[in-house]
Amino acid sequence: MRNYFSSKRLIGLIAILFLYPLHLHAQELSPRDIMEKLDDNRRATSNSALSRMQLSTCKFGVRDGKITCAERPRVKSLESVGKGYGQELRDTRSVAILLEPAAERGIGMLSYNYDDGSRDNETWLYLSALGRVKRIANGSSDDETEPGSLFGSEFTTEDQDTGKLDEYQINLLEEAVEAGRDVWKIEMIPNEERARKSRYSRTVHYIDKERFVELKVEMYDQYDKEIKRMLGARVEQMNGIWIARSTTIMNLVTNRLSNMAFLEMHTGIDVPDEFLTQRTLTDAAFRETELDKLRAQIDR
Amino acid sequence: MTRAILLASLAAGVLTTITCPVLAQDDVLVLDDDVTFDAEFGLDEDLFGDAFEDGSSALEKSWLDGFTIRISQQLSGQINSHGVELAPGFSLPREAELETSRLSAIVRYQYAFTPGWLVQASGWARAYWNGDYEYRAEGDSESTEFRVNDFFVQHSIEEHSFKLGRQTVVWGETVGNSVLDVINNSEFRDFSIIDIEDARLSQWMLVWDYFGEGSNFSSFINLYPEFNPAPVRGSPFFFEPPFNLIDYDRGSSLLFEAGTQWRKSFEGSDIAFMAAYLYENQLRYEDPLSGTGDAVAETNDFLLLGFSANRAIGKLLVNLDLAYSHDVLANSFSFPGTSSLANPVNLKKDQIGTSLGFEYAISNYQNVSLGIQAQKLLDEDEGLQPGQVLINDGVFGSWLLRYSNTLMNSDLVISSTLQGDLNANSLLALLGADYSINDNWAVSGQIVSISANDESPLLFFAEDVRLSATVTYSF
């Protein structure tokens, strides 16, 4: 009797049996599903999370065929706390406090990001020189200008936006390989309403098929010229979430780049609602006390 | 002036020496702005790798981390020799001269020493060198001055927060010239400071904040109201008065100020209502009965009712402040930056005022803002002596236009300010540049030009041009 189940064949069959459903599952994901999973992943990094980040910005140039800083980068260190709200926790509230440089220590930014495209995100800033909280107009934008920036970096509120997927046409362009990883190449085209608020006429996202992390994003203006590029690197699992610990965004118009390095990220933190209010910006005693409580949760 | 030029040259030399090695970036091809980006370029993998090698953690904190210290040397002077015609045939000579040459140390400290408790303090110390007007006022000798500005302890528990000590309370939404920004006194000692944010002085207060579910209350009581200091002898705002201008003699009288504000945020907007019993920050001076010695400083209390709101519309932020003041003195000069020139008369009036501000973010790097402040005395003719005319008749106030542009990777900030009164009697134009050499060193330069006609108290400074340079070390 022929041995139909030789060890090699057996392994192959098992592999087919186990991998086929996964492959099928991946194929069944629509471009919209992929973007939703990506969004879920992004939100997970800011939902009930305490993070410490370093934000570096510089004018870039090329050396030995590689993009590098053409000047000394400006480095800011910040601590951020975020939490999900609303239906399926799709809205995000977060507060970021600058730790360094010394001259900017204590400057805080409170942001409310809404999933619903009809609601504009909100931002408040506390500047000790003014002695009060100041609302920042994030606003819509045209092709000549940038929406609200994160502490003067190339990261804008729009680049960090989650949700609002209903306002985009989402197309799978192709499956490709980026940085040695299998990726979906997905194009997002804003509808008329969103286009009025966006600087981009379309964006192309290279999404790691296994980890649902963006390895690269290309942003195009209304003339279909690439004006910004985002690169994700150091993809690692932090607290069970895949994350690009080093994200660089390059402004191809001004030739400036900003890098956000996630130095620490702790999720599953019990963040009280009161912490994500303007009080955290103005009431330093409250802020420091609550931050100590949040940090204490990490040690447990 | 020769000394000023020498010192400015020295500062420029230091700047060149410090910046040259920093700016030198050999081997890097700087891309043109219109370059087509080549997809073949990868990112230098070591570019930001150092960030992950830093083992420090936010958990490791020391009480020393709370210090921020800024040391700066400033030189400034009036550089346009000219004359001001105060009356036909009488011209006041305005010679070019060095006005300030001073070394300052500004220290700020904040430390949460135990859960729910925090101490914050800030203050400055200055040394006045040869050439500074304070040096001349001290009989040509070097002198020093110290001042504590903020110094308070804060305790926050549940929905409440209490702050006791020297602090400021800011109610106005409009940056620069809000009609509601009248709680703290201020000192515009010379033209190196023309922004109210830099001139505001802290006062001893107890502030109680209540953070409710949907809205907040903030209340204060001040049992030792302070007033705008008289111009410092020798400063540009000092004119030899017929009598000594002294601080208010409190005697046994208990002065106090108190107020409360209710604030609520809506999507895209914040609003606030406020009410306060205050003393005007500017004292009114009367001649001494004896005819010699010190002038008699008089205070004036008044009631303030206010409303403020902001609204974000796209990239435009609109701010509105409304104020109704009951029993303020007529002729209180309101031009920002020069309150020490005020000469209020002993005539109480009611006054309405508004400040309207527009802030527009042209881009990440460029901002422009416009603030208009307008006030009007109610029943302005009532109580006037026959033939008496008020300086502030009709609608009076000021406007402020600011523009800033951040360049060179945020190392260079260029800003300009135009400030004038609504009757177009005066204009103050400022152009400034701040350059950060690195995280510690910075240099800044400023030029201020003043135009004024004989209707304006700024007439004395008409055609003045002031130049200043400052080198700062922060850590």
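How many residues does the contact take from chain B and from chain A? It takes 57 from chain B and 62 from chain A. This is a predicted model, where local features need pLDDT of at least 70 and side-chain atom pairs count only at pLDDT 80 or more, while totals for chains, interfaces and linings use all residues. Residues are numbered from 1 along each chain as its sequence is written, and chains are lettered from A and ligands numbered from 1 in the order in which they are written.

**View 1. The side of chain B that touches chain A has 27 nonpolar, 21 polar and 9 charged residues.** Contact means C-beta atoms, placed from the backbone, within 7 Å. Nonpolar covers Ala, Val, Leu, Ile, Met, Phe, Trp, Tyr, Cys and Pro; charged covers Asp, Glu, Lys and Arg; the others, Gly among them, are polar.

**View 2. Strand S2 (residues 66–69) of chain A runs parallel to strand S2 (residues 42–43) of chain B.** The two are joined by 2 bridges. A:Lys66 has B:Gly42 as its bridge partner. Strands (E, at least two residues) and helices (H or I, at least four) are DSSP runs, numbered from the N terminus. Strands pair if DSSP finds at least two bridges between them.

**View 3. The largest nonpolar core has 62 residues.** A core is a set of buried Ala, Val, Leu, Ile, Met, Phe, Trp, Tyr and Cys residues joined through C-beta atoms within 7 Å. Buried means that 20 or more other C-beta atoms lie within 10 Å of a residue's own. A:Met53, A:Phe60, A:Val95, A:Ile207 and A:Ala261 touch the most other members. Strand S1 (residues 49–63) of chain A gives the largest share, 6 residues. Beyond neighbours within four places in sequence, the contacts of A:Met53 include A:Leu78, A:Ser80 and A:Phe262.

**View 4. Strand S18 (residues 348–361) of chain B pairs with strands S17 and S19 of chain B.** Strand S17 (residues 316–329) of chain B runs antiparallel to S18(B), with 12 bridges. B:Leu317 stands opposite B:Glu359. Another 12 bridges join S18(B) to strand S19 (residues 366–378) of chain B, also antiparallel. Here B:Gly353 stands opposite B:Gln375. The covered face of S18(B) includes B:Lys349 and B:Gly353. B:Ile352 and B:Phe358 are among the residues of the uncovered face.

**View 5. Confidence in chain A is lowest in helix H1 (residues 7–28), at a mean of 48.** This confidence is pLDDT, the predictor's score for each residue, from 0 to 100. Where pLDDT is low, the predicted coordinates should not be read in detail.

Key:
Two residues are in contact if their C-beta atoms, placed from the backbone, lie within 7 Å. A residue is buried if 20 or more other C-beta atoms lie within 10 Å of its own, exposed if 12 or fewer, and partly exposed in between; C-beta atoms are placed from the backbone.
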